[in-house]
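Here is a friendly briefing to read alongside the model. Please keep the sequence and the 3D view open as you go.

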Amino acid sequence: MKKWRKISIKQVCLIIITFIAMVAIAFVLIRLANFLISDILELHGWLKIFSQFIAIILVIYPAKITFGSVLYHVNEDLSRKLAEET
């Protein structure tokens with residue numbers, strides 16, 4: 001917890017921008033999938049619900065992995081800086 005108190009403004013901006021970008025990309029891809037499922041493929045009933053559920057899962061996991069990677073790199077950088085100070 002101590003190392004997160006030493007986070008720089010640049011790292012905070014990186015985390016915030018990455019989060020906003022991931023949310024925006026996920027939103028657009030979910031809307032696109034909904035358009036494809038409803039209007040292009042014209043699915044109905046349980047097949048439509050199942051397809052939408054799978055589309056959401058397929059969109060959210062890459063965003064989660066990307067955002068987690070950014071947090072991992074920031075955490076490693078903070079750990080390295082904390083080790084240098086001691």
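What follows covers the overall fold, the helix pair, and a handful of residues.

This is a predicted model, in which local features need pLDDT of at least 70 and side-chain atom pairs count only at pLDDT 80 or more, while totals for chains, interfaces and linings use all residues. Residues are numbered from 1 along each chain as its sequence is written, and side-chain values use heavy atoms, with hydrogens and water left out. The chain holds three helices and zero strands, where helices (H or I, at least four residues) and strands (E, at least two) are DSSP runs numbered from the N terminus.

**Confidence**

- The chain has a mean pLDDT of 91, and 99% of its residues reach 70 or more; pLDDT is the predictor's confidence in each residue, on a scale from 0 to 100.
- Confidence is lowest in helix H1 (residues 2-5), with a mean of 75, and highest in H2, with a mean of 94.

**Overall shape**

- Read from the N terminus, the elements run α-α-α.
- The C-alpha trace spans about 60 × 20 × 15 Å along its principal axes.
- The radius of gyration of the chain is 19 Å, whereas a compact globule of 86 residues would have one near 12 Å. This radius is taken over C-alpha atoms, and the globule rule is 2.2 Å times the number of residues to the power 0.38.
- Of the 86 residues, 19% count as buried; buried means under 20% relative accessible area, exposed means over 50%, and partly exposed lies in between (1.4 Å probe, protein chains only).
- Among contacts with a separation of 6 or more, 71% come from residues 24 or more positions apart, a contact being heavy atoms within 4.5 Å.

**The H2 and H3 pair**

- The axes of helix H2 (residues 9-40) and helix H3 (residues 46-85) come within 9 Å and cross at roughly 170°. Axes here are lines fitted to C-alpha atoms, for helices over the stretch in contact, with angles from 0 to 180 degrees between N-to-C directions.
- H2 and H3 are therefore roughly antiparallel to each other; angles over 145 degrees count as roughly antiparallel, under 35 as roughly parallel, 65 to 115 as roughly perpendicular and the rest as oblique.
- The contact of H2 with H3 is made by 18 nonpolar, seven polar and three charged residues. In this grouping, Ala, Val, Leu, Ile, Met, Phe, Trp, Tyr, Cys and Pro count as nonpolar, Asp, Glu, Lys and Arg as charged, and the others, Gly among them, as polar.

**Buried residues: Gln11 and Leu78**

- Gln11 lies in helix H2 and is buried, with a relative accessible area of 7%.
- Leaving aside neighbours within four places in sequence, Gln11 is in contact with Val74, Asp77, Leu78 and Lys81.
- Leu78 sits in helix H3 and is also buried, at 3% relative accessible area.
- Not counting residues up to four places away in sequence, Leu78 touches Lys3, Trp4, Lys6, Ile7 and Gln11.
- Leu78 and Lys3 are 75 residues apart along the chain, yet their C-alpha atoms are separated by 6.0 Å.

- Ile30 belongs to helix H2 and is partly exposed, with a relative accessible area of 29%.
- Setting aside residues up to four places away in sequence, Ile30 touches Ile56 and Val59.
- Leu47 is in helix H3 and counts as partly exposed, at 36% relative accessibility.
- Leu47 and Ile37 are ten residues apart in sequence and 9.5 Å apart in space, C-alpha to C-alpha.

- Glu42 lies in the loop between H2 and H3 and is exposed, with a relative accessible area of 52%.
- The phi angle of Glu42 is near 50°, a positive value in a residue other than glycine.
- Leu58 is found in helix H3 and counts as exposed, at 60% relative accessibility.
- Leu58 and Ile40 are 18 residues apart along the chain, and their C-alpha atoms are separated by 19 Å.
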